Amino acid sequence: MRNSFVNGLLEEAKKDESILLITGDLGYGVIDRFAQELPKQFLNFGINEQSMMGAAAGLASKGFKPFVYSIGNFPTFRCLEQIRNDVCHMNLNVSIVALGAGFSYGTAGYSHHLVEDISAISVLPNMSLYSPADTLEVTNVLPRMLAKAGPKYIRLGKGGEGQITEKFQEAVPGISIMSGSTDIAVISTGNVLSEVVTAVDALAAELRPTIISVSEFDALVDYIPTLRYRRILTVEEHLLRGGFGSIILELLSQSKSVVYRKGIHSLSSQISGSQQYLRNHYEIGFESILNSIQEINKELSA
Amino acid sequence: MTGNSASKVLSKSLQVASKARKSALEMTNQSKASHIGSCLSVIDLLAVVFTQKNLVSSASRNDVLLSKGHAAAGLYAVLDALNLLLQPLDTYCKDGSQLYGHVNHHASPQIPLSTGSLGHGLPFAIGLAISNKKHKSQQKTIVIISDGELNEGTTWESALVAPQNKLSNLILIIDRNGIQSLGFTEETLRLNPIAPKLESFGWNVLEIDGHDHEKILDGISRESDKPLCIIATTVKGKGVSFMENSIAWHYKSPTLEELDLAFAEIDEASK
């Protein structure tokens, strides 16, 4: 996913020399081609995320389109005030590229787990969030990011997600859907969608819920309140408080749909492990999602 | 800068500084706001930098940033003296005003960044300087920080970044009044010696009297082969004897009686 993003950006940057890729000394094996082919549009700032973000804002104020690339917590929490004051308040065209959505860097430990970013970033003024599930959604999202001026944040997995949304249809730009046969919709964002798809595939065709994948949060405001499913289940690889499901719940507060949310209740645990292990541990793995869907099916048929 | 245009700047900047001192005093009196000492410390620097900027053709105008956003009244007063402020000064800190107590970029197109949290101006200025370099522009970027901002990590990060990127078009001016929020800088978090620190990082350093307009203009007009830091020695509360070098005037606002005394001193000095 990160490769397809950076390679896609490289192709766009060849046509638009105002696009810059700025890294906080990360991206080994990912940013190399960009750096080699467009050295004048590449900058390794060193390990100083706060100054890097402030400088990106300065560059954007002069008409450049900087993409600031680093592993999740660093271009977010380490420099949250620079994002808030220098990028968002100034409404500047800076794109933050955060690698390692959720537990993508599971074994690296808590410092590298990106599970509170949606809560923190989504409240900032003028900010647009992007959270693609796979390389197909990355390809769709990139031109829309480039077409939109202002602060942007994209949350990417590490890689190897494959093409999960191949059979999905676009509902509106930024939201895709695979229709099911029940009165339930499972809405997720980011690459945890693979767990949702695996869970739904394990069900008989007549028991399958609709799956909705959200790659662009700006699309939520108009789309989500139109949903008429009796039951909605949100799934996110992120804390529940202030996260994706929380946003959906707010948008459905006037709706008759009953909303259930799956995500991380609290990160009190000190454990690390593979992404799959941690998804299972925090009950956002496919088995847990399958159980939840089956319970809701049972509830509706009772 | 030629002798003729320099004298043009200097005759104007002295008037601007004198007028701005009185405006800033009046603004803090009326709003009961803080930071008059910080404003009086930096007004001479702002007066020279903005007067020079607006007397040259627009293509070669410097980018100027005030990172010490708490001296907003000083900045607004200087811009107003040059007829460059969009809002009337008497709205400062009033309900619904855009002229709030820390620098707001909506107050004038001459303000590239809203500030107020310390340590933000220099990184942003680096972005501007990199941009000017990429565009092969002759514009310089001048960023004025307080000495208190040398407590911030971003200042030292950026002190590394600027020479690495060969930003000889960047001028960092340190308003070195020696006082930060609760005490003297050297007692709070020792900064001295500043010049060798920055020189060892790859900067050229110039030390000047930060109230001497000729020295300020000379400093910002210099060509430098490296990022240039001007350590401008200043006096917090400069121009009003009872405010000078006083920590209390980081917070207090003058009464009407104090305002009269201050105006008399400023008028006397500008004779």
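Me: Before counting anything, what are helices and strands here?
Reply: Helices (H or I, at least four residues) and strands (E, at least two) are DSSP runs, numbered from the N terminus. The model is a predicted one.

Me: OK, how many helices and strands does chain A have?
Reply: Chain A has eleven helices and twelve strands.

Me: And what does the radius of gyration of chain A agree with?
Reply: The value for chain A is 19 Å, which agrees with the figure near 19 Å for a compact globule of 302 residues. Along the principal axes, the C-alpha trace of chain A spans about 65 × 40 × 30 Å.

Me: What share of chain A is buried?
Reply: Of the 302 residues in chain A, 59% are buried. The chain exposes about 12,100 Å², and carbon and sulfur atoms supply 49% of that area.

Me: Which domains does the assignment give for chain A?
Reply: Domain 1 covers 2-156 and domain 2 covers 169-301.

Me: How far apart are the C-alpha centres of those two domains in chain A?
Reply: The centres of domain 1 and domain 2 of chain A lie 26 Å apart. In terms of contacts, 28 residues of domain 1 of chain A touch 31 residues of domain 2 of chain A.

Me: How many of the contacts in chain A join residues at least 24 apart?
Reply: Among contacts between residues at least 6 apart in sequence, 77% do.

Me: Now helix α9 of chain A. Which of its residues are buried?
Reply: In that helix, residues 244-251, the buried ones are Phe244(A), Gly245(A), Ser246(A), Ile247(A) and Ile248(A).

Me: What covers the buried residues of α9(A)?
Reply: The cover includes the helices α5 (117-122) and α8 (220-223) of chain A. It also includes the strands β9 (184-189), β10 (210-214), β11 (231-239) and β12 (258-264) of chain A.

Me: Over to chain B. Where does Met243(B) lie?
Reply: Met243(B) is in the loop between β5 (228-233) and α9 (256-269) of chain B.

Me: Why does Met243(B) count as buried?
Reply: Because its relative accessibility is 0%, and buried means under 20%.

Me: Which residues is Met243(B) in contact with, leaving aside neighbours within four places in sequence?
Reply: Met243(B) is in contact with Leu25(B), Ile36(B), Leu40(B), Lys236(B), Gly237(B), Trp249(B) and Pro254(B).

Me: And what separates the C-alpha atoms of Met243(B) and Ala262(B)?
Reply: A distance of 9.0 Å, with Met243(B) and Ala262(B) being 19 residues apart along the chain.

Key
Residues are numbered from 1 along each chain as its sequence is written. Chains are lettered from A and ligands numbered from 1 in the order in which they are written. This is a predicted model: local features need pLDDT of at least 70, side-chain atom pairs count only at pLDDT 80 or more; totals for chains, interfaces and linings use all residues. Side-chain values use heavy atoms; hydrogens and water are left out. The radius of gyration is taken over C-alpha atoms; the globule rule is 2.2 Å times the number of residues to the power 0.38. Buried means under 20% relative accessible area, exposed over 50%, partly exposed in between (1.4 Å probe, protein chains only). Contact means heavy atoms within 4.5 Å. Accessible areas come from the Shrake-Rupley method with a 1.4 Å probe; for residues, only the protein chains shown count as cover. Domain bounds come from an automatic or database domain assignment.
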